[in-house]
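Dear colleague,

Please find below the structure that I am handing over to you, together with its sequence.

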Amino acid sequence: MPSLTRPLLALAAWLVFFAACVATLSGDWASLFSAGSARGMAKFVGDFFPPAHDPEILRKVAAGSLETLAMSWIGTLIAAVAGLGLALPAAGRWGGMAKGTTRLLLNGLRAVPELVWAALVVVAAGLGPFSGTLALALHTSGVLGRLFAEALENVSPEPYESLRRHGVGAAAAFWYATFPQVLPQLASYALYRWEINIRAAAILGVVGAGGLGQMLHFHLSLFQLHEAASVLIAMILLVTVVDLASNRVRRALTS
Amino acid sequence: MSTHLRSVSVAYGTGGRALDGITMAIGPGEQVAIIGPSGAGKTTLLHTLASALKPGEGAVTVLGSDPWRLSQTELQRLRRRLFLAPQAPPLPPRQRVVNAVLAGRLPEWSTWRALRSLVYPADIRSARTALARFRIEDKLFLRCDRLSGGERQRVGLARLLASPAELFLLDEPVSALDPALAQAALQVLQGEASARGASMVVSLHAVDLALARFPRIVGLREGKVLFDLPRPAVDEALLIELYGSELCNSFQAPPEHQAEALPICRGCV
Amino acid sequence: MRVTDTVTYKDPAWHTRITWTVVFLAVLLPAGWLAEFNPAVLWDEANLRTVGHFLGTFLPPAHSLEFLNMVAIATWKTIAIATVGTVLAAIIGFPAALAANRALSLSALTTGRMAPWAAAVRWTVRAVLIFLRSVPEVVWALLIVRAVGLGDTAGVLAIALTYGGMLGKVYLEIFESTDVEATRSLLRNGAGRTQGFFYGMLPACLPELTSYTVYRWECAIRASVIMGFVGAGGLGQQMELSMRMLAGGEVITMLAVFVGLVWIADQVSLQLRKWTE
């Protein structure tokens, strides 16, 4: 029965692969699931309670949340402008050579995750939200550049060609004919990435790039677990609010 | 500034010929209607005249120069002097009518002026005047995707009025308008062309309109000029030959209309 | 049609545009201030020197045999963390999805409503799943590193928890979107819940479940590299060490390996998903 041997072989291969994975990991799994470890865990979790809620920490958490929002917003804004600038050559407007080079650049920007960019940018721009903003901008430029380039390639060329046939310059023809066509799509891509970037901005701080993440890292390092718990709650709230809001907006836009 | 084609042929991508040895001249200020069945090559002819399409064979002269011998800059400069209005005006759906009309002014504007006009429309008065001549000035600040097909077509024609062109090339300019509006729109375009001393080449589906309004008629069939005659010389026999008699057996016109226009083929073209 | 002089040639959109521009600036400026936006930092002389030195070390990429060997081990560990983490996540998500599933409810079958205690269990499970996935995996890793120490275990657990939440939610959606009639009829004919599940629901959902799990495994590979930056083992942890020592050559080699790894995971996952569907 060849129909059964193939899945069985695949299953066996998978089990071998899985066993190899488990064998590699250094963790002491038996002790992890022991009663002692469970008690340790319970104590660790218990140490977070109650979350700190004095006015001082609340003010700081609020500032951190605003900082996170600001990072995500400015990062996305820069990325939208840079992405459009890169999308023009990447859509083949300035020849094959420029197209290939920019595509490579966009792939590079996109392949490196925000957090890795943040760790790199911190070296150049120091600790703080500015590094996080730049890191978001770098990664998002790659993502948006590629999406924008696709949008530009799929747009109807007729309005642009028509203006060019009347002797209109390339720049003016782009802003009068191509841009108004792609604008709604560009805006919706940018908004969608902004939503993702709020979540990303919340965590970038763990490598020192500002926002709530940096506060969390700070309080955890000093074993101020009550304060850390407050930051965590703020983080979860922020992410949940953004989720709900974007769901609302999307439903309003589609209906 | 003459415009002419000499033995011009244009091949389809699939083989076969869209235009086959066309020779014709359009004098300054002349108004020519091109008629012929679908697929006769009317659009290709207009694109060739607009120097948007390079013919495979033959010589093209547009407003006194051969567009395909010019440098890129000179070609763009030549193109500023002509205006090709496609049948479906290529208007971006979200653009406002005012910007769509003012786009006709772009050839004479600097890039900086063009961009500034997107922030605040540079010449609202002229856009409104152009629209008013087609009776749609109330649509000035609407978005193009809020317009009906006929309104969109008239916005495209208003753009032509706003442009500085001296050669009007119009592909089915009134196909989406009802007969009365179509008459009126053609009248406006022809008046503008005469006022500017611009030449005008118009392809028309409605033969009666062509015969009623144009002094010179070119019949195009299968990429060839079947006839190129002054209006009075165009008779029923020629038209039957042009469109094929099988299409036009309802070829009976009320006699009182015949003096003014041959209202033929109303049902079949 | 004559244009009368009473017509005003004003753009009616102008006020709206001005208002939005003002709002935009009113948000942008404080946001820029909050984000400490200051590109001049990048041209600061001391910074430029550090960056110049760092960039200078990028080439040539590190390629000593010893280093490559270390990278190979770290890469394999990353794969192992992602795989074991995803399996644990499935072990968390699968029963959770079953418990929260309405279609398998026996009480709903007869009365059309669930028994109160069953409803309570379902809502609790759903709430736990939401909590698990609303904490980002890096934050889970950061917390777990405090509890169990640096290393692979933290990575595995962080993936297990976050992805357990995600898998649970998606499994549940898959269960609820499949045609429940086959299962219901089994239940009506007196089959037990387990039988109903294994003979009615599972065969229908299996391809979709596998496909989504494989997709999550692919995401887990990327995530496990990122989590390494907070000390959760694998390639990311090595990358973070090299960055801290400003060893650019090592960073660039590991970035290349990372990009390659993600690409391979992407291809493998694509093939596997094609194969299961």
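Between chain C and chain B there is one salt bridge. Its two partners are the side chains of Arg96(B) and Asp11(C), with a distance of 2.6 Å from N to O. On the side of chain C that touches chain B, seven residues are nonpolar and three are charged, while no polar residue is found there. Please bear in mind that this is a predicted model.

Chain C brings 10 residues to the contact, and chain B brings 12 residues. Together they bury an area of about 1100 Å², and carbon and sulfur atoms account for 61% of that area.

The lining of the cavity is made up of 17 residues. Those nearest its centre are Ala85(B), Pro86(B), Pro89(B), Gly156(B) and Leu157(B). Two elements of chain B, strand S5 (82-85) and helix H6 (149-162), each contribute at least two residues to the lining. The largest share belongs to H6(B), which provides four residues. Sorted by class, the lining consists of nine nonpolar, five polar and three charged residues.

With kind regards

Methods. Residues are numbered from 1 along each chain as its sequence is written. Chains are lettered from A and ligands numbered from 1 in the order in which they are written. This is a predicted model: local features need pLDDT of at least 70, side-chain atom pairs count only at pLDDT 80 or more; totals for chains, interfaces and linings use all residues. Side-chain values use heavy atoms; hydrogens and water are left out. On a 1 Å grid over the protein atoms alone, a cavity is a set of points where a 1.4 Å probe fits but cannot get out, and a pocket is an open set with protein on both sides within 12 Å along at least five of seven lines; lining residues have an atom within 4 Å of a point. Ala, Val, Leu, Ile, Met, Phe, Trp, Tyr, Cys and Pro count as nonpolar, Asp, Glu, Lys and Arg as charged, and the others, Gly among them, as polar. Contact means heavy atoms within 4.5 Å. Buried area is the accessible area (1.4 Å probe) that two parts lose on being put together, summed over both. A salt bridge is a side-chain nitrogen of Lys or Arg within 4 Å of a carboxyl oxygen of Asp or Glu.
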